[in-house]
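Subject: Structure handover

Hi,

Here is the structure I promised to pass on to you.

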Amino acid sequence: MTDIWRRTAVVGAYEHPTRFAPDKTAYQIHAESARGALEDAGLKISDVDALFTSGVGPIGILSLANHLNLRPSYVDSQAIGGSSFVSHCVHAAAAIAAGLFQVALVTYGSTAASERFAIGTGAGGHVMDPPDSFEAPFGPTIVGSYAMVAQRHMHEYGTTSEQLAEIAVTMRKHAALNPHAKYRDPITVEDVLASRTISSPLHLLDCCMISDGGGALVLTSVERARDLRRPPVVILGGAEAVRHSEIGRRDLLDIAARQSAPLAFARAGVKPADVDVALIYDSYTITVLATLEALGFCAPGEGGAFVGGGRIGLGGELPVNPDGGGLSSNHPGMRGIFLVIEATRQLRGECGPRQVKDAELACVHGTGGMLGQRHSGVTMLLGRT
Amino acid sequence: MAEKAYRKPLPRIDEESRGFWEALARHELYFQRCRGCGTKRLYPRAVCPVDLSSDTEWVRASGRGTVYTFTVTHQNQSPGFREELPYVLAIVELEEGVRLMTNVVGCAPDAVRIGMPVEVAFDDVTAEVTLAKFRPVS
């Protein structure tokens, strides 16, 4: 079997600096981000022959191709929530290795904050798919779904609100080093616990923000990447998984990452202990804690102890989200693309004061959907080689 | 029934789920069991995902169970819910072994605990729709 891994590289990465853009449209943010990522790669838009996006509606990728005047020969508008952009990279790696196209452009843009969408703490957008009829009548919010996982984790393992708060405090420390981060003032564990309860046991400061924003990535083959301006960041391996309410008996702590992570690590030929920096979708503090366990950085039930003592901070054993994450930097609704952008920039060593020293191996994990109900998990390993 | 408009989302009653909702309207809670492989299931669906059999029987649940997990919801701006904050969203495990999403009612939200014994409380929200909520066993 032809190995599809280590044959595709991220060669362009751009995070739109905006956090509030009432003067811009979402499609404008897509286009500005595309410009930024292509400039970063040293490629022209006419080089692009594959288009990836998400969060744009049922035929939105056609509208985006229209807006960018592209004639791609490969399109992918994966719709598995905020992890979709990590999934795009995994799909692009397979397709580039198969020779289906040369240059992929992945874009994202959202004006969630200026249009006052309720994302994390509002009600989910219920479209009445079959599962919705058995959930929506009872008032599940997105945060409520994650909160039910947190409650169960506390029950089974004795995890505390203080331990979850450590994650929010760490993300805020990181954000202080990121000039684009939306929230940069330090917070304490006491601040998190004193913030109002949104959905027990999660407080306001356990929840990601709602911002505007966007970003873009450019991917191509490692051969072509050698001639480009940036050091290539290579996709070493990746995998996807989904979980849902099953037929009424799911263990809520059995999250999708438990399936995607072993596959991704095996495909990459690396172990959790080898990882220098982790980019983990932090929709809520519990998302990080549960994901760290599922990725294999600690055993099930040990996440609460693992996140303490500075272990997930810069300078710690496993720095998580040096940009400040969705808890403190930005969260326009679907944050997966920012995980890949920050991983790329960390591996290039261009992150200034928030740089993880000598970062050679990054683990990215995106979660999409509702962790306590149906959701996706996509794990990807990126390296400098 | 009061004619006050009901503002929360209503289930879509379709060919796969009609039996479930019709039973609830009679104040009876049913789950499904596959006649092929015996697997119990909720929510109801026409084809068993385990053996893909369409041979399904409806089984009446006792209505007793325990709280598997829950959250006290303090923020939800959706019509119908914002007037009832805080409310308890929960997953209840029926004593027959299947779980369903619900609300725990009939007690202070802060009194709810994982493992707490509960029993079904039928809530006739419209002329057609009855929801299976749960209350602490008295």
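Strands β1 and β8 of chain A pair in the antiparallel sense, with 2 bridges between them. If you want a place to start looking, A:A9 has A:V234 in β8(A) as its bridge partner. Do keep in mind throughout that this is a predicted model.

On β8(A) there is also the pairing with β11(A): the two strands run antiparallel and are joined by 9 bridges. How much of β8(A) is buried? The strand is mostly covered, with 10 of its 11 residues buried.

These pairings belong to an open sheet of 9 strands in chain A, with mixed pairing and the order β3-β2-β4-β7-β1-β8-β11-β10-β9. The edges are taken by β3 (75-76) and β9 (277-280) of chain A; each has a single partner strand, so one side of each has no neighbour in the sheet. Elsewhere in the sheet, β4 (residues 104-110) and β7 (residues 213-221) of chain A run antiparallel and are connected by 7 bridges. A:A104 faces A:L219 in β7(A) across that pairing. While you trace the strands, recall that side chains in a regular strand alternate between the two faces of the sheet.

Now for the helices that lie across the strands. Helix α3 (residues 84-97) of chain A lies across β1, β2, β3, β4, β7, β8, β10 and β11 of chain A, and runs at about 120° to β8(A). Helix α9(A) lies across β9, β10 and β11 of chain A, at about 125° to β10(A).

Helix α9(A) also packs against other helices. With α5 (residues 161-175) of chain A, α9 (residues 285-295) of chain A makes an angle of about 100°, the axes being 9 Å apart. At that angle, α5(A) and α9(A) are therefore roughly perpendicular to each other. The contact brings A:L164, A:A165, A:I167 and A:A168 of α5(A) to A:T285, A:I286, A:V288 and A:L289 of α9(A). By class, this contact of α5(A) with α9(A) has 7 nonpolar residues, 1 polar and no charged.

For α4 (residues 142-157) of chain A and α9(A), the axes come within 9 Å and cross at roughly 55°, and the two helices are therefore oblique to each other. The crossing of α4(A) past α9(A) is left-handed. From α4(A), the residues A:Y146, A:V149, A:A150 and A:H153 meet A:I286, A:T287 and A:A290 in α9(A). The contact of α4(A) with α9(A) divides into 5 nonpolar, 2 polar and no charged residues.

One loop residue may also be worth a look. A:G57 sits in the loop between β2 and α2 (60-67) of chain A. Is A:G57 buried or exposed? A:G57 is exposed, because it has 11 other C-beta atoms within 10 Å, and 12 or fewer count as exposed. The C-alpha atoms of A:G57 and A:S77 are separated by 9.1 Å, with the two residues 20 residues apart along the chain.

Lastly, the contact between the chains takes 35 residues from chain B and 32 residues from chain A. On the side of chain B that touches chain A, the elements giving two or more residues are β4 (64-73), β5 (87-94) and β6 (99-104) of chain B. That side of chain B has 17 nonpolar, 13 polar and 5 charged residues.

Happy exploring!

Notes. Residues numbered from 1 in each chain as written. Chains lettered and ligands numbered in written order. Predicted model: local features only at pLDDT ≥ 70, side-chain atom pairs only at ≥ 80, totals over all residues. Axes fitted to C-alpha atoms, helices over the stretch in contact; angles between N-to-C directions. Helix = DSSP H or I, 4+ residues; strand = E, 2+ residues; numbered from the N terminus. Parallel < 35°, antiparallel > 145°, perpendicular 65-115°, else oblique. Contact = placed C-beta atoms within 7 Å. Nonpolar A, V, L, I, M, F, W, Y, C, P; charged D, E, K, R; others polar. Pairing = 2+ DSSP bridges. Buried ≥ 20, exposed ≤ 12 C-beta atoms within 10 Å, placed from the backbone. Left-handed = near helix turned anticlockwise from the far one by under 90°.
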